[in-house]
Amino acid sequence: MILQIIGAFIAIFGFSILLEIPKKYLVLAGIVAAIGWSIYLFSDKMGTGIVFASFFSALTVTLISHLFARMMKTPVTIFLIAGIIPTVPGAGMYRIAYYMIMGNSEMYSHYFTETLKIAGVIALAIFIMDTIFKFFMKNGIKQNSLSYTKRKMNKRK
């Protein structure tokens, strides 16, 4: 399990270079992915199943991505895209194509529904965590936004 977590960190660190993430965020992106993958592995070991393990992993990745983005004052997507990669059901998509070509409709439909469920819970987890962060943000205004600038200009008049 530890080797898989280290592997996730190294893989996402390298993939982040391909995504052209700024150098100062490469290690953090790898940490987000490693934590997300460890939650996935731990949840799967606890018997929750692949779909719920993906949900908990995506929820954790989104939470940590928001926290790192706020601490580093950078967009959430820098950490979120890199961190969510290990959870994406790439093997399921491969199996769908393989069993479709082989003509095995039973296995094709099984992996198709499983992959759709995983993709759905990943999207749901991202939506839930984004909503929570937007709900608890004070004023909902960033300091560099246009409305903040207008408010400062009105105070000067």
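In which helix does Leu18 lie? In this predicted model, Leu18 belongs to helix α1, which covers residues 2–18. With a relative accessibility of 69%, Leu18 counts as exposed, because the cut-off for that class is over 50%. Leu18 also takes part in a nonpolar surface patch of about 440 Å², to which Phe15, Leu19, Ile81 and Ile85 contribute as well.

The protein as a whole contains 7 helices and 0 strands, and the order of its elements from the N terminus on is accordingly written α-α-α-α-α-α-α. Of the 157 residues in the protein, 34% are buried. When contacts between residues at least 6 apart in sequence are considered, 61% of them join residues that are at least 24 apart.

For Val32, the contacts beyond its neighbours within four places in sequence are made with Val61, Ile64, Ser65, Phe68, Phe79 and Gly83.

Two of these partners of Val32, Phe79 and Gly83, are also among the buried residues of α4, a set that consists of Ile78, Phe79, Leu80, Ala82, Gly83 and Ile84. Helix α4 is thus mostly covered, with 6 of its 8 residues buried, and these buried residues pack against α1, α2, α3 and α6.

Aromatic side chains were examined separately. A search of the whole structure finds 10 aromatic pairs. One of them joins Trp37 and Tyr40 in a stacked arrangement, with 4.7 Å from centre to centre and 15° between the planes. Both residues of this pair, Trp37 and Tyr40, lie in helix α2, where a spacing of 3 residues places them about one turn of the helix apart. Trp37 has a relative accessible area of 18% and is classed as buried, because the class takes in values under 20%; Tyr40, at 12% relative accessibility, likewise counts as buried. Elsewhere in the chain, ring pairs link Tyr94, Tyr98, Tyr99 and Tyr111 into a cluster.

Ile31, placed in helix α2, is partly exposed, its relative accessible area being 30%. The C-alpha atom of Ile31 is separated by 9.5 Å from that of Ile6, although the two residues stand 25 residues apart along the chain. Ile128, which lies in helix α6, counts as partly exposed at 29% relative accessibility. Its contacts, with residues up to four places away in sequence not counted, are to Phe55 and Leu59. For Ile128 and Leu59, a C-alpha to C-alpha distance of 7.9 Å in space accompanies a separation of 69 residues in sequence.

Glu20, in the loop between α1 and α2, has a phi near 60°, and its relative accessibility of 69% puts it in the exposed class. Lys73, in the loop between α3 and α4, has a phi near 55° and is exposed as well, with a relative accessible area of 75%.

Conventions. Residues are numbered from 1 along each chain as its sequence is written. This is a predicted model: local features need pLDDT of at least 70, side-chain atom pairs count only at pLDDT 80 or more; totals for chains, interfaces and linings use all residues. Side-chain values use heavy atoms; hydrogens and water are left out. Patches are made of residues with over 30% relative accessible area and no salt bridge: like charges are joined within 9 Å, nonpolar side chains (Val, Leu, Ile, Met, Phe, Trp, Tyr) within 5 Å. Accessible areas come from the Shrake-Rupley method with a 1.4 Å probe; for residues, only the protein chains shown count as cover. A salt bridge is a side-chain nitrogen of Lys or Arg within 4 Å of a carboxyl oxygen of Asp or Glu. Helices (H or I, at least four residues) and strands (E, at least two) are DSSP runs, numbered from the N terminus. Buried means under 20% relative accessible area, exposed over 50%, partly exposed in between (1.4 Å probe, protein chains only). Contact means heavy atoms within 4.5 Å. Rings of Phe, Tyr and Trp (its six-membered ring) pair if their centres lie within 6.5 Å; planes under 30 degrees apart count as stacked, over 60 as edge-to-face and the rest as tilted.
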